[in-house]
Amino acid sequence: MFESISAVTNSAGYLLEGVGVTLLLVGLSLLIGFVCGIILTLGQVYGPRFARWFVGIYVWFFRGLPNIVLLFLFYFALFPFMGLDLPAFGVAVVVLGLRSAAYQSQIFRGAIQSLSEGQMLAARSLGMTKWQAIRSIILPQSLRLSLPGWANEYPVLLTDSSVAYVIGVAELLTRTSQVISRTGEPMILYLTCAIVFILLNYGGMMIIQYVEKKVRIPGFGNNEAECL
Amino acid sequence: MTDSINATGADGGLGGFFQNLTDSIISQIPFWQDVLLPALWDGLWVTMQLVVMTAPLGFLLGLLIAVSRVYGSAPVKWLAQLYVIFFRGCPLLVLLFILYFGLPSVGIVLGSFMSALVGFILCNSAYNSEYLRGALQSIKRGQLLAARSLGMTKMQGVMYVVVPQALRRALPGVSNEFIYLIKYSSLAYVVAVIELTGAAKIIASKYFMYFEAFAAVGIFYLVIVTIATIGIHRLEMKYAIPGVSGAVGKVSKGH
């Protein structure tokens, strides 16, 4: 028992770096997902017919495939086929980000469509261009409304990030497995790994809830909790 | 003509990319017919087994946990909550590793298929219990009180009055989770179950046909998920009571 615990403490530094890699992976993917998600949403809601068609296919593709298949497809097939030589971490960020964009775009779309159409018409009638109206009238409101749904993206990405193990990204789970093959203590180390993930999960959720409270405007959007 | 196309194909670019793609697909028809597709059909069968066995068990266990969380005594509630926190917070992959690599070190050997199955059931039930809990809590308290006043025990009231209504309301969430289950069943590959993804990975590494194998397995998943989505949509339409079964409270989205 004592030996098992020392297996954890001896490798604590190495595993903590893995936590850093995991969080970086999640953070970057959330960012890519956010930016691409907004672009996809705007394409779907305000874009021409071909943009809607494209977003539909995109969302169908990224939501229909398992994470692990997407990672294999991009890492072993698509990127090498296109001549791109990204490291595993880069591939994981891109794949998780693009996948998250598909989910996030549907959260934002729900929020935009829950705004009354009169807002756009009113903005246009005041002389704003369509783009101005989207940027200063529609997006500020809909992003606030989509925050509760968006907050779900963090735990989803966190748990999905562990799948990057299969292409060898040195995140928490990969490092845990490496330490296990050195020390031969699978139970205690995998349990520690699980508990760290759970702490990251609920710790992050608490921070998000705090931010949610800070950004909330009293009386606005409290009844619009679910946008997905 | 063909030479010029091949020339553009050689120096890359988007046109070359698609040219390479079609070329490689046409020249590999025998490989698809004799090697890839048979392996994937076998894999599909294993995936189906995993999904079909997990879904009902995960649902029933989820229902049990949801009922204990809403109607149980204090320690039962607490235990059920701990269960949900652990199995929702822990990545499924880590859970599979604990079951497959961790448990044998304390003397419990499950084997790869069983560890995958147990892992999926635990994860699936934790998520389902959240949807079901939302649905149970959305049924008015008066219903249970009315059932009690008619002489039913609390158990009877929950089983015959509250749960049947709650199930209808939980249907969208639970069926969504079924779609997720199809997708995360691919994780069984890491504990050496040769399901769809595993079969593709083996063929890909053996014949060095990564693009073909993963493109094919991708098409398999897209077809299954699309069929399941359409089927579930039909089911939801069938069981929706106009004006009654709407969205449940805030529930998590899963994977």
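**Exercise 1.** What percentage of the 255 residues of chain B count as buried?

*Solution.* The model is a predicted one, in which local features need pLDDT of at least 70 and side-chain atom pairs count only at pLDDT 80 or more, while totals for chains, interfaces and linings use all residues. Residues are numbered from 1 along each chain as its sequence is written, and chains are lettered from A and ligands numbered from 1 in the order in which they are written. A residue is buried if 20 or more other C-beta atoms, placed from the backbone, lie within 10 Å of its own. On this criterion, 41% of the 255 residues of chain B are buried. As for the secondary structure, chain B has ten helices and zero strands, where helices (H or I, at least four residues) and strands (E, at least two) are DSSP runs numbered from the N terminus.

**Exercise 2.** Describe how H6(B) and H8(B) pack.

*Solution.* Begin with the geometry: helix H6 (residues 112–138) and helix H8 (residues 154–184) of chain B pack at an angle of about 145°, with their axes 8 Å apart; axes are lines fitted to C-alpha atoms over the stretch in contact, and angles run from 0 to 180 degrees between N-to-C directions. Next, list the residues, taking two as in contact if their C-beta atoms, placed from the backbone, lie within 7 Å: H6(B) contributes, among them, Phe120(B), Tyr127(B) and Leu136(B), whereas those from H8(B) include Val162(B), Arg169(B) and Glu177(B). Finally, sort by class, which gives eleven nonpolar, four polar and two charged residues, with Ala, Val, Leu, Ile, Met, Phe, Trp, Tyr, Cys and Pro counted as nonpolar, Asp, Glu, Lys and Arg as charged, and the others, Gly among them, as polar.

**Exercise 3.** Characterise the side of chain A that touches chain B.

*Solution.* In total, 35 residues of chain A are in contact with 40 residues of chain B. Helix H4 (67–81), helix H9 (153–161) and helix H11 (186–215) of chain A each supply at least two residues of this side, and H11(A) gives the most, with ten residues. By class, the side has 27 nonpolar, six polar and two charged residues.

**Exercise 4.** Is Val163(A) buried or exposed, and which residues does Val163(A) contact beyond its sequence neighbours?

*Solution.* Locate Val163(A) in the loop between H9 and helix H10 (172–183) of chain A. Val163(A) is buried because 27 other C-beta atoms lie within 10 Å. Leaving aside neighbours within four places in sequence, Val163(A) is in contact with Asn67(A), Ile68(A), Leu71(A) and Leu93(B).

Terms used
Buried ≥ 20, exposed ≤ 12 C-beta atoms within 10 Å, placed from the backbone.
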